[in-house]
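Subject: Handover of a structure for your reading

Dear colleague,

Please find below the sequence and the structure that I am handing over to you. My notes on what was found follow directly after them.

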Amino acid sequence: MKKEISIYNKDTPLTLLSGVTFAQVPYWFPFYEQKDLKMDIILPFRQANENPRPLLIWVCGGAWVTMDRSAHIPWLFHIAHRGFTVASVEYRLSNSAHFPAQLEDIKKAIRYLRAHAAAYGIDPHRIAIGGESAGAYIAAMAGTANGKKEYDKGDYLEQSSDVLAVIDYYGPSCFTLESPCSAAENKEAASVPECPSPAHMLLGYEPTKHPDLAALSAPLSLITSSTPPFFIAHGKEDHIVPIRNSELLYAELEKNNVPAQFYAIQNAGHADMQFYQQEMAEKISEFLIHHL
């Protein structure tokens, strides 16, 4: 069959730039003392006729001991189709460096993308950050640490690492809340040698033994009236990061008159499929359109 047809350019085709190096950081291996940090970027296939797009930087989770920056790329395309450039970004894990290295790495990514905004068709004045689980913690820290220059390390220091909005998917807001099942787990594990918690590995100490120090590294303690708007989503059945984290975070945001949306999702546990439906991508997109 041969047929002549006309196709109208109604949609903007997107492409994925994978493995873009944005920084080098210290590494442990002999003769390999620097490690590349990379990002994947979703952006229009051709940018010649495109206006600069707002940017969402995404930070994947993994208890700070593992992460895959490509894990949520298919779902993030839903947000990119709403007119955003999206960058999914790596950071150092807790077996490589303790906090605040992870926050420093994400701020490196923000500054890199601002410095190369023209190359990637980004509006440098409209940047938001988001993440899930351990990545949501880093994203929330990036938002609540706006203006804190002590976390700006590395290249492109002439660029700001501030963000205008935060997407927080079931992230820890502090380090002193126990999981509902932790007491039972501790009783069962009484005869097993104690292993450091993910938070212990991240911070370099057990936060429940040093709560005042741990509070300095928690987004809940850093919220002020100038904190950027938050979009929060958390499963009501989350037994890994209890929803109380997000409840306290939302209450503190409200107390400081920070715009916030909080979705408590029924019958959802940690990182369940409900979070990665197109419906949630639409809610996030509308939030970002309003605040960027």
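Arg92 and Asp105 form a salt bridge, with their closest N and O atoms 2.9 Å apart. The term salt bridge stands for a side-chain nitrogen of Lys or Arg within 4 Å of a carboxyl oxygen of Asp or Glu. Arg92 lies in the loop between β4 and α2, while Asp105 belongs to helix α2, so the pair ties together parts that are 13 residues apart in sequence. Helices (H or I, at least four residues) and strands (E, at least two) are DSSP runs, numbered from the N terminus. Arg92 counts as buried at 10% relative accessibility, and Asp105 counts as buried at 0%. Here buried means under 20% relative accessible area, exposed means over 50%, and partly exposed is in between (1.4 Å probe, protein chains only). Both residues belong to a network of salt bridges that links Arg92, Glu104, Asp105, Lys108 and Lys153.

Before going further, please note that this is a predicted model, in which local features need pLDDT of at least 70 and side-chain atom pairs count only at pLDDT 80 or more, whereas totals for chains, interfaces and linings use all residues. Residues are numbered from 1 along each chain as its sequence is written, and side-chain values use heavy atoms, with hydrogens and water left out.

The structure holds eleven salt bridges. One of them joins Arg69 and Glu90, whose closest N and O atoms are 2.8 Å apart. Arg69 is in the loop between β3 and α1 (73-80) and Glu90 is in the loop between β4 and α2, so this pair connects parts that are 21 residues apart in sequence. Both Arg69 and Glu90 are buried. Glu286 forms a salt bridge with Arg82, with the closest N and O atoms 2.5 Å apart. Because Glu286 lies in helix α9 (residues 278-291) and Arg82 in the loop between α1 and β4, the pair ties together parts that are 204 residues apart in sequence. Glu286 is partly exposed, with a relative accessible area of 43%, and Arg82 counts as partly exposed at 28% relative accessibility.

I turn next to the sheet. Eight strands form an open sheet with mixed pairing, in the order β1-β2-β4-β3-β5-β6-β7-β8. Two strands pair if DSSP finds at least two bridges between them. At the edges are β1 (14-29) and β8 (260-265), each of which pairs on one side only. Strand β3 (residues 53-59) pairs with strand β4 (residues 85-89) in the parallel sense over five bridges, and Val59 stands opposite Val89 in β4.

How many residues does the largest nonpolar core have? It has 82 residues, and those with the most contacts inside it are Met39, Trp75, Leu113, Ile129, Tyr169 and Leu288. Helix α4 (residues 134-144) contributes the largest share of this core, seven residues. A nonpolar core is a set of buried Ala, Val, Leu, Ile, Met, Phe, Trp, Tyr and Cys residues joined through side-chain atoms within 4.5 Å. Tyr169 touches several residues, among them Trp58, Trp75, Ser133 and Phe231 (contact means heavy atoms within 4.5 Å).

The aromatic residues deserve a paragraph of their own. The structure holds 18 aromatic pairs. Rings of Phe, Tyr and Trp (its six-membered ring) pair if their centres lie within 6.5 Å; planes under 30 degrees apart count as stacked, over 60 as edge-to-face and the rest as tilted. The rings of Tyr112 and Tyr156 have their centres 6.0 Å apart and their planes at 75°, so this pair is edge-to-face. Tyr112 is in helix α2 and Tyr156 in the loop between α4 and β6, 44 residues apart. Tyr112 is buried, with a relative accessible area of 8%, whereas Tyr156 counts as partly exposed at 30% relative accessibility. One aromatic cluster is formed by Trp58, Trp75, Tyr169, Tyr170, Phe275 and Tyr276.

Finally, some details of the backbone. Phe99 and Pro100 are joined by a cis peptide bond, with omega about 20°, and Pro100 lies in the loop between β4 and α2 (101-115). Ser133, although not a glycine, has a positive phi of about 60°. Ser133 lies in the loop between β5 and α4 and counts as buried at 10% relative accessibility.

With kind regards

Conventions. Lists of a residue's contacts leave out its neighbours within four places in sequence.
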